[in-house]
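Good morning, and thank you for coming. Please look at the sequence and the structure on the screen while I speak.

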Amino acid sequence: MPFVTQFVTLAGRVVPRRVSAVTYGVIAGLLAVGVQVFFGVKPPPAYGICVACHTRDMIAWLVNHLAGTHWEIAPVSLILPLLTTVGLLIGAYLAAVRNHERRKVALGGHWRSFVYGILVVNAAIVALGCPTRLLLLSAYGDMLALLTVAGLAVGILMGTILLSRGIAN
Amino acid sequence: MEPALVTLIMGVILGYLAQRSRICFIGGLRDFVLVRDTELLKGAAAFFVTTWLAFSVAGALGLVDWRAPAYGGDASAQPVVMDASKPAVAPASSALDVGLPVLTVAVVAGIALGLFSTLANGCPTRQHVLAAQGVRDSVFYLGGFYLGVVVYNLVTKPLLALVF
């Protein structure tokens, strides 16, 4: 598609090959606040970026419309769901194609990953959001989210210990 | 502009940058503990500092209506925790008077989120990037991620209702 080619060419010119994590953090931070303040991605507040919640909204919106259920959905997603996660996939795909990093890799843990996906999205929805939104909420001033971030850190430490001792995987 | 379109465009930008930077907010702490690599941790810190500053500036300019973040999806029922007349720079110490069950569930869910994400090899953002890059495991992870929303509504939510 010509549009895709143009975008990839443009992105390749504008974005350097290597982007530091700090650059990502700053740009993502500005976007997360910017879409709430200037583009009305609310309510709820501090909802600009949340991979888990936006996925929840998207799936729940689909199921609600197809099956007539009344699953929980954020007010901002009522008419049309937020499509951050779709954008993420498209953007990452384009970046991988542009830099010749797209290749089929099978690490051999398919069903384990599948189960982790189920567990993570459930934990994330209960915990107010994915790690990104927990930081966003904390910055917004929600002390409960800050407490959850502390829990998140404990969980990561536990997981890292399991990984380093070779207990998991 | 329509929020769906705005977030779609934002997502494309984020996805592109995330693929180039290999960002992972879970991986930050993991890498630091395992190999003392602070690159990803700095990314998470930069995100937090940037959002804090941006919210403070936007709040000082009167662009933010300070409402307590919704615990679930319904923000309309939330009380106003901070009005525009108060200084917006300091974070509102608001949501800790929610009761012990909510606090416990939030912290336990946070621990579970950190643990499972670490074992799954990355936060949800990173998994999206890997899936788009062609990693099969992450494609399966995404399948679980989508099915997990169904599981949440059919199993987890009724279970949580027993706690509250």
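**Confidence, a helix pair and the chain contact**

I begin with confidence, since this is a predicted model. Chain A has a mean pLDDT of 90, and 98% of its residues reach 70 or more. Within chain A, the element with the lowest mean pLDDT, 79, is helix H1 (residues 2-14), while helix H4 (residues 84-98) has the highest, 95.

Let us stay with chain A and consider two of its helices. How do the axes of helix H3 (residues 51-67) and helix H5 (residues 110-126) of chain A cross? They come within 9 Å of each other, and the crossing angle is roughly 100°. H3(A) is therefore roughly perpendicular to H5(A). On the H3(A) side, the residues that meet H5(A) are A:Ala52, A:Cys53, A:Thr55 and A:Arg56. Their partners in H5(A) are A:Val121, A:Ala124 and A:Ile125. Sorted by class, this contact comprises 5 nonpolar residues, 1 polar and 1 charged.

I now turn to the two chains together. In the model, 103 residues of chain B are in contact with 113 residues of chain A. Which elements of chain B give two or more residues to the side that touches chain A? They are helices H1 (3-21), H2 (25-35), H3 (39-60), H4 (100-119), H5 (124-133) and H6 (136-163) of chain B. H6(B) supplies the largest share of that side, with 19 residues.

Methods
Residues numbered from 1 in each chain as written. Chains lettered and ligands numbered in written order. Predicted model: local features only at pLDDT ≥ 70, side-chain atom pairs only at ≥ 80, totals over all residues. Contact = placed C-beta atoms within 7 Å. Helix = DSSP H or I, 4+ residues; strand = E, 2+ residues; numbered from the N terminus. pLDDT = per-residue confidence, 0-100. Axes fitted to C-alpha atoms, helices over the stretch in contact; angles between N-to-C directions. Parallel < 35°, antiparallel > 145°, perpendicular 65-115°, else oblique. Nonpolar A, V, L, I, M, F, W, Y, C, P; charged D, E, K, R; others polar.
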